[in-house]
Amino acid sequence: FFSDALVGAGLVGLLSCAVAAWFLVGRATTPFVRLAEDARRVGPESETRFNSGSSGREIERLQTALNDALGRLEEGYRVRQRFLANVAHDLKTPISVMLAQSQVMESESASLEEFQQYRQSMIEELRRLRGIIEGILALSRANQGEALLRRTQFPVNTLLVQTALRCKAQADSSRVRIKMSLLDSDDAGILSRDLDLLCTMLDNLVRNAIGFTPPREAVHIEANLADGHTRI
């Protein structure tokens, strides 16, 4: 009887331990199952956040680390989207300029001087396109932002005159005039900057100004020196 009692108690104890272990393991793995379900819902446009539903210290630390990693991934995705939008805009601008100039050159009233100006402007736009593509390739290889800059020295007056020339076709088609106020001397305003990036910035500003200027009005481009700085 004593032996049978010991065997029965042992079996009951083993069964109780198995039930308790199954219950404890189930409770311990539930937060991980929830985190795995949250991970399956993560996508580029989703607003999923990891929530295990547990108050355990280690689980909360894991949940916080996963949410932080997800936030970094989302920010990287947004940066990539902005970068692609900017690249598309920068590539579209020179193509739009060359298209507008080509349409003007088709006109029988265009003079020889205008043909020469537009031809030179189209060459510059093609060089800009090449520079943009080279910049994208450099960006994919560079680890530091300073390595992307190609600094050259050039006069501010030349920069503004070339900007006005590149935007002239759009201004003519919109019946908008471009007026410039240059520095007194080319030697007074020498910049050492990345010419391609600066041209892109100024061209975007001037073209946006032309687009929002009523016909027969003017877009003013002015350069002056103040406290050792060049203001455009």
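Me: How should I class D227, buried or exposed?
Reply: Relative accessible area decides: buried is under 20%, exposed is over 50%, and partly exposed is in between (1.4 Å probe, protein chains only). D227 has 78% relative accessibility, so D227 counts as exposed. Remember that this is a predicted model: local features need pLDDT of at least 70, side-chain atom pairs count only at pLDDT 80 or more, and totals for chains, interfaces and linings use all residues. Residues are numbered from 1 along each chain as its sequence is written, and side-chain values use heavy atoms, with hydrogens and water left out.

Me: Where does R216 lie?
Reply: In the loop between α5 and β4. R216 also has a positive phi, near 70 degrees, without being a glycine. R216 counts as exposed because its relative accessibility is 60%.

Me: How many helices and strands does the chain have?
Reply: The protein chain has 5 helices and 6 strands. Along the sequence the pattern reads α-α-α-β-α-β-β-α-β-β-β. Of its 232 residues, 24% are buried.

Me: Which residues have the most contacts inside the largest nonpolar core?
Reply: Nonpolar side chains tend to be buried together in soluble globular proteins. Here a core is a set of buried Ala, Val, Leu, Ile, Met, Phe, Trp, Tyr and Cys residues joined through side-chain atoms within 4.5 Å. The largest one has 17 residues, and V156, L159, L160, L198 and I210 have the most contacts inside it. At least two residues of this core come from each of α4 (156-173), α5 and β4 (218-222).

Me: What does I210 touch?
Reply: Contact means heavy atoms within 4.5 Å. Leaving out residues up to four places away in sequence, I210 touches C167, Q170, A171, S174, V176, I178 and V219. I210 is among the buried residues of α5, as are L198, C199 and L202.

Me: What length does α5 reach?
Reply: The expected span is 1.5 Å times one less than the number of residues. Helix α5 (residues 195-211) has 17 residues and reaches 24 Å from first C-alpha to last, close to the 24 Å expected.

Me: Which strand holds M180?
Reply: Strand β2 (residues 177-181). M180 has 37% relative accessibility, so M180 counts as partly exposed.

Notes: Helix = DSSP H or I, 4+ residues; strand = E, 2+ residues; numbered from the N terminus.
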